[in-house]
Amino acid sequence: MIQYLEKSSIFILETKNTQYVFGIDKAGYNRHLHWGDKCSANDFEYADISGENSYNSMLDEYKQEITPFGSTMYRECAIKARFSDNCREISMHFENYDMDGDILKVNFKDDYYPLRITLCYEVYEAYDIIKRTVTLENIGADNIVFDRIFSAEFSLPSEKPYTFRNTNGAWGGEFIQTDTVLDGGNLVYESRRGASNHNASPYFIAYQNADENSGDVYFASLAYSGNFKVSAGRDVYAVTRISIGMNDFDFSHTLLPGESFCAPPVYCGRARGFGEMSRNMNRFCVDCLLPKQFHDKPLPVLYNSWEATGFDVNAKHQTELAKIAAEMGVELFVMDDGWFGKRNSDRAGLGDWFVNPEKFPNGLDELIENVNRLGMDFGIWVEPEMVNPDSDLYRQHPEWTYHYAHRNADELRNQLVLNMTRSDVQTYIFNCLDELLSKHNIKYIKWDMNRPFSQTGAENLQNPQMYSYLHTMAVYNIVDKLKERYPHVQFESCASGGGRCDLGAISHYDQVWTSDNTDGIDRMTIQKGYSLLHPIKTMRAWVTDIAGINKPCSLDFRFNIAMQGSLGIGGDLTKYTEEDLEICKKNIAFYKSVRNIVQFGDLYRILDIEKDEVLCNEYVSTDKTESILFLAANGTRFYKKKCNLRFAGLDAHKTYSFTLDGIEYKKGGAYLMTVGIPIYVRGADYNRAVVLKTV
Ligand code: DGJ
């Protein structure tokens with residue numbers, strides 16, 4: 001719900017449990033007033049800020065929805081422009097507003113220069129989420145150059161320091177949670193690599209005295225897969241402010257007369273505890289953000305050939321794998337890298353999206369038909385944004401890569417990045433994929449991207465510093481167009497594992513590859529980090545032959561962990577024993593019986609592997625009639641660990657039955673959630689999956 005108080009020019013945005021309030025003061029400035037619990041509308045007013053002196057500016061102390069560069073505002077600003085006469089100050093004042101149901105647009109105009117700035121808010125009441133965007137419009141006759149365009153700015157209510165949670169990491173160790181107290185100064189999470197990357201997430205989570213179930217947690221996530229910047233600061237007035245948007249470290253955008261630009265959207269909320277935050281975002285993403293084709297459908301159990309075969313793919317061996325996969329209950333067989341061009345290693349072939357005739361002398365259809373006959377759908381790997389110098393495409397079009405004429409191009413994984421901002425490159429890629437999908441019965445595209453950008457020269461662009469944005473949009477557009485033409489095809493976003501996992505990717509792809517690290521033990525941490533602000537259903541998790549990098553873990557253990565997202569299998573099945581195959585069969589059948597709860601239910605993180613030595617995640621169906629509880633530990637400090645397991649998210653008035661460690665329980669939801677049951681965690685490789693059903 002959105003309300004406008006005319007007398008005070010105050011906008012009140014309300015979700016189920018929160019209120020977000022800002023207004024326009026008498027001077028026409030935008031003023032942030034409140035974010036948190038609901039208060040009476042008539043109580044809001046603009047606090048007078050006094051005590052200004054030459055080193056203490058009133059404007060600098062204002063809490064704002066958006067801060068333009070200039071005047072005596074020295075804090076981080078959200079928008080920086082250069083007008084035609086080189087004036088670099090924006091002086092924006094309220095123009096008018098437009099309210100349409102749950103959407104509010106507030107327009108501001110520069111006092112002199114022809115710039116309109118529109119702040120747009122969309123309230124998703126039931127999910128406790130608000131969407132924010134900023135649109136800039138050149139309403140004059142001269143160009144306006146922007147050096148910074150952030151999507152949103154936030155001011156937090158408490159004057160005490162907040163702790164910021166993000167997930168920092170690296171290839172093979174993505175989504176590692178970090179918690180940093182921001183007492184003073186600034187804290188930055190960013191990507192400068194062209195895409196959102198493995199190192200930090202394009203969001204902020206700021207909290208005080210919070211745990212899974214309580215405490216104030218403020219969060220906002222940028223739906224964008226390019227270079228991003230989240231910049232938080234606690235200033236001399238003890239205000240914690242955060243701005244979030246496209247990274248400005250190498251950024252410049254020119255708006256020609258009559259043009260407008262809408263910055264990537266941000267989704268924000270306030271929750272009570274990290275658990276509520278994750279559940280709100282999870283539901284919101286599933287219902288409102290994920291592409292419509294598959295958002296409400298359970299994702300299939302897939303098999304991926306990469307770890308079994310590497311680049312060495314051919315119809316015979318893939319069919320052998322497919323036969324075993326089908327027997328286990330796999331529903332989708334995905335052939336990974338190696339099927340095209342002269343792709344025998346990572347040194348050649350990228351760009352030549354034509355079936356390798358030596359590996360597939362009878363074409364792709366032989367394998368696809370085999371897979372289909374086995375009752376599975378077929379999927380295929382591509383890396384469309386890249387080219388190996390050793391490829392026909394590069395030999396024909398060396399000018400299609402980002403490059404500088406007099407600099408050497410850095411090759412990473414022996415490849416270069418195609419300049420996706422060029423329309424001929426976009427057409428080439430679209431046509432290659434269109435041909436692949438139109439000629440073959442393919443139901444799944446794994447879209448990979450295995451290097452960051454460098455030498456980002458793009459002669460076709462008036463402003464090459466927009467490459468990251470334009471490249472990202474080109475990728476989204478191709479995926480959207482293909483999805484429209486082939487609505488039965490699922491798309492996975494992958495970038496050497498989790499290098500492009502963000503709400504932007506999730507708005508276009510149906511799922512992501514979380515990490516190349518498939519070690520069951522490491523995955524506990526990686527998946528926890530992923531679950532903070534990303535939907536569970538999109539988290540592809542495979543069981544592979546990596547039976548523990550540092551500590552051994554069994555096949556059952558690996559299944560237990562991988563089942564907590566969208567399950568995949570990735571081992572060399574031809575080497576599996578009868579016993580292994582039975583374990584796979586049993587676990588896949590079990591997963592199918594609970595996947596609706598995992599993929600569409602609410603996640604409660606009950607015990608944390610790092611803090612509690614035991615991982616306990618409970619997924620509860622939305623109607624609370626069923627729940628699945630996963631427990632895992634890989635050795636505890638002493639020979640056994642007793643935990644009092646208190647369930648969560650159940651219906652207090654319903655009775656649930658389940659069996660754990662041979663003991664049958666039939667207990668009320670209230671009892672299970674408040675008193676709980678004792679469990680004893682013993683030894684390495686401890687893993688349990690317990691289904692609770694209402695009686
Ligand atoms: C990186 C991905 O993360 C892997 O799963 C695999 O697809 C390889 N690329 C293939 O080159």
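This is a predicted model: local features need pLDDT of at least 70, side-chain atom pairs count only at pLDDT 80 or more; totals for chains, interfaces and linings use all residues.
**Exercise 1. Describe the shell around the ligand.**

Step 1. Start with the count. The ligand is surrounded by 14 residues.

Step 2. Pick out the closest ones. They are Asp 336, Asp 337, Lys 446, Asp 448 and Asp 516.

Step 3. Sort the shell by type.

**Exercise 2. Find side chains with an N or O atom within 3.5 Å of a ligand oxygen, and state how much of the ligand the protein covers.**

Step 1. Look at Asp 336. An N or O atom of its side chain lies 2.7 Å from an oxygen atom of the ligand.

Step 2. Go on to Asp 337. Its side chain also places an N or O atom 2.7 Å from a ligand oxygen.

Step 3. Check Trp 513. Here the distance from a side-chain N or O atom to an oxygen of the ligand is 3.4 Å.

Step 4. Turn to the cover. On its own, the ligand has 290 Å² of accessible area, and the protein covers 98% of that.

**Exercise 3. Characterise the largest pocket.**

Step 1. Take the volume. The largest pocket holds about 620 Å³ of space.

Step 2. Inspect the lining. It has 28 residues, and Glu 212, Arg 605, Ile 606, Lys 611 and Asp 612 lie nearest the centre of the pocket.

Step 3. Trace the lining to its elements. Those that give two or more residues include helix 2 (273-289), helix 10 (520-533) and helix 13 (609-612). Strand 12 (173-182), strand 31 (602-607) and strand 34 (640-645) are also among them.

Step 4. Sort by type. The lining has 12 charged, 10 nonpolar and six polar residues.

**Exercise 4. Do likewise for the second largest pocket.**

Step 1. Its volume is about 290 Å³.

Step 2. The lining has 17 residues, and His 32, Ala 47, Ile 49, Glu 61 and Lys 63 are the closest to the centre.

Step 3. Strand 4 (residues 30-36) gives the most to this lining, with three residues.

Step 4. By type, the lining of the second largest pocket has 10 nonpolar, five charged and two polar residues.

**Exercise 5. Locate Val 188 and decide whether this residue is buried, partly exposed or exposed.**

Step 1. Find the element. Val 188 sits in strand 13 (residues 185-190).

Step 2. Read the relative accessible area of Val 188, which is 39%.

Step 3. Apply the cut-offs. Buried means under 20% and exposed means over 50%. Val 188 falls in between, so this residue is partly exposed.

Step 4. Relate Val 188 to Lys 26. They are 162 residues apart in sequence, and their C-alpha atoms are 34 Å apart in space.

Technical notes: Residues are numbered from 1 along each chain as its sequence is written. Side-chain values use heavy atoms; hydrogens and water are left out. A residue is near a molecule or strand if one of its heavy atoms lies within 4 Å of it. A polar contact is a pair of N or O atoms within 3.5 Å; within protein, one must be able to donate a hydrogen and the other to accept it, and residues adjacent in sequence count only if both atoms are side-chain atoms. Accessible areas come from the Shrake-Rupley method with a 1.4 Å probe; for residues, only the protein chains shown count as cover. On a 1 Å grid over the protein atoms alone, a cavity is a set of points where a 1.4 Å probe fits but cannot get out, and a pocket is an open set with protein on both sides within 12 Å along at least five of seven lines; lining residues have an atom within 4 Å of a point. Grid points are joined across faces, edges and corners, and a volume is the space filled by probe spheres set on the points. Helices (H or I, at least four residues) and strands (E, at least two) are DSSP runs, numbered from the N terminus. Ala, Val, Leu, Ile, Met, Phe, Trp, Tyr, Cys and Pro count as nonpolar, Asp, Glu, Lys and Arg as charged, and the others, Gly among them, as polar. Buried means under 20% relative accessible area, exposed over 50%, partly exposed in between (1.4 Å probe, protein chains only).
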